[in-house]
Amino acid sequence: MKVDYLRLKSGDPVPKDDFPQRHKTLLIIEDAADMDWQHALSSWIARSGCLYFMAWGEGCSSWDDSVDIANLEMYDFGDIPEENQIMTTWHDDEPLEEVFWFAKNCAEHSSGALEDILLLHVGAEDRKAEFVKLYRDTEDDF
């Protein structure tokens, strides 16, 4: 299992590189984003190899919708092949520790196991050490 972390401040340039393998993404939102930047980042998420997307934090339900729309746009709003369909969830009333547990134990895709995760953090301060440790230390049994 590989745990990657990427922090962006709202409005930062969207990454250009995609991830080489299928993975899940947990978006941790601490800063509000304008709709144009949210759409650009959601489009990158959809292109990045993400097959299971979870959003937690400020405005997380709109991010769930935004990634769904970006996935549809990739296929001109037509049928999405099952192996490329991004599962999306949002978690607005749960502690982050519970969302980490969900990511480790429940975030599965019909096309196969997703071992790798990207912790995508939208916030002012780098919290890589804290979030990666919290994710790794989350027990399988909650």
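Tutor: Let us begin with His121, which is buried, its relative accessible area being 0%, where buried means under 20% relative accessible area, exposed means over 50%, and partly exposed lies in between, as calculated with a 1.4 Å probe on protein chains only. The model is a predicted one, in which local features need pLDDT of at least 70 and side-chain atom pairs count only at pLDDT 80 or more, while totals for chains, interfaces and linings use all residues. Residues are numbered from 1 along each chain as its sequence is written, and side-chain values use heavy atoms, with hydrogens and water left out.

His121 belongs to strand E5, which covers residues 117-122; helices (H or I, at least four residues) and strands (E, at least two) are DSSP runs numbered from the N terminus. Setting aside residues up to four places away in sequence, His121 touches Tyr5, Leu6, Arg7, Leu8, Ile28, Glu30, Arg127 and Phe131, a contact being heavy atoms within 4.5 Å. With one of these residues, Glu30, the side chain of His121 also makes a side-chain polar contact at 2.7 Å. Such a contact is a pair of N or O atoms within 3.5 Å; within protein, one must be able to donate a hydrogen and the other to accept it, and residues adjacent in sequence count only if both atoms are side-chain atoms.

Glu30 leads on to Arg127, with which Glu30 forms a salt bridge whose closest N and O atoms are 2.2 Å apart; the term requires a side-chain nitrogen of Lys or Arg within 4 Å of a carboxyl oxygen of Asp or Glu. This pair links distant parts of the chain, 97 residues apart, since Glu30 sits in the loop between strand E2 (23-29) and helix H1 (35-47), and Arg127 in the loop between E5 and helix H4 (128-137). Glu30 counts as partly exposed at 31% relative accessibility, and Arg127 is likewise partly exposed, at 23%.

Arg127 also meets Glu130 in a salt bridge through their side chains, at 2.6 Å from N to O, and Glu130 is partly exposed, with a relative accessible area of 41%. Through shared partners, these salt bridges join Glu30, Arg127 and Glu130 into one network. A search of the whole structure finds four salt bridges, including one between the side chains of Asp4 and Lys2 at 3.8 Å, N to O.
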